[in-house]
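Morning, everyone. Please look at the model on the screen, and I'll walk you through a pocket, a patch and some charge pairs.

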Amino acid sequence: EIVADDQLAARLGCRPGQRWLRLRTTRGDPHVPSRPIAATTVYIDPAYGPAVRREIGRSRQLISAIIEQAYGTYTAEVRQEIRAVAMTAGMADELRCEPGSPALEITRHYSDLAGRPFEISISVQPADRFSYVLRLRRLNRAATGAEGDAPGR
């Protein structure tokens with residue numbers, strides 16, 4: 001359990017002095033076990049700590065799903081931010097890459113129906129081990145009944 005100082009509070013978007021249960025994980029590549037693909041720090045509202053501590057490592061469920069099942073909390077929103085960063089020396093050592101090399105940092109805020117974040121995760125991945133694919137599909141005009149390209153349709 002940790003207490004957010006000013007710097008961490010700014011990073012998490014919480015108030016200084018807020019308590020969190022902090023977990024650290026490293027995700028590996030099953031095809032190349034010696035090459036980790038991400039390091040993640042997860043901050044959890046300590047009220048949900050007992051179930052998370054009990055299930056972590058035993059369950060393959062997302063932490064948010066463990067919390068939902070154990071406490072009836074509903075994940076109403078997940079806000080994700082992806083930004084480019086330089087690999088710090090500590091992270092580079094952990095992820096077996098060069099310090100200063102390009103990386104991506106993915107921050108996710110899991111919020112309940114009242115808008116309160118109950119889980120925040122920050123993952124760092126070397127740029128060469130990250131791929132983001134987004135597929136946008138437009139419905140067929142025949143399926144929507146739309147005709148022509150008139151403005152306002």
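Start with the naming of elements: helices (H or I, at least four residues) and strands (E, at least two) are DSSP runs, numbered from the N terminus. This is a predicted model, so local features need pLDDT of at least 70, side-chain atom pairs count only at pLDDT 80 or more, and totals for chains, interfaces and linings use all residues. Residues are numbered from 1 along each chain as its sequence is written, and side-chain values use heavy atoms, with hydrogens and water left out.

First, a loop residue. R96 is in the loop between α4 (89-95) and β5. Its phi is near 55°, a positive value in a residue other than glycine. R96 counts as exposed, at 55% relative accessibility. The cut-offs: buried is under 20% relative accessible area, exposed is over 50%, partly exposed is in between (1.4 Å probe, protein chains only).

Next, the salt bridges. One is a side-chain nitrogen of Lys or Arg within 4 Å of a carboxyl oxygen of Asp or Glu. The whole structure has nine. E94 pairs with R24, with the closest N and O atoms 2.6 Å apart. That pair links distant parts of the chain: E94 sits in helix α4, R24 in strand β2, 70 residues apart. E94 is partly exposed at 29% relative accessibility, and R24 is partly exposed at 40%.

Now D128. Its side chain meets R35 in a salt bridge, 3.7 Å from N to O. R35 lies in strand β3 and D128 in the loop between β6 and α5, so the pair ties together parts 93 residues apart in sequence. D128 also bridges to R129, at 3.6 Å, N to O. Which of these is buried or exposed? D128 counts as exposed, at 58% relative accessibility. R129 counts as buried, at 15%. R35 is partly exposed, at 33%. Elsewhere, R11, R83 and E105 are linked in a network of salt bridges.

Last, the lining of the largest pocket. On a 1 Å grid over the protein atoms alone, a pocket is an open set of points where a 1.4 Å probe fits, with protein on both sides within 12 Å along at least five of seven lines; lining residues have an atom within 4 Å of a point. Here 25 residues line the pocket, and T25, R27, T40, L62 and I63 lie nearest its centre. Which strand gives the most? β6 does, with four residues.
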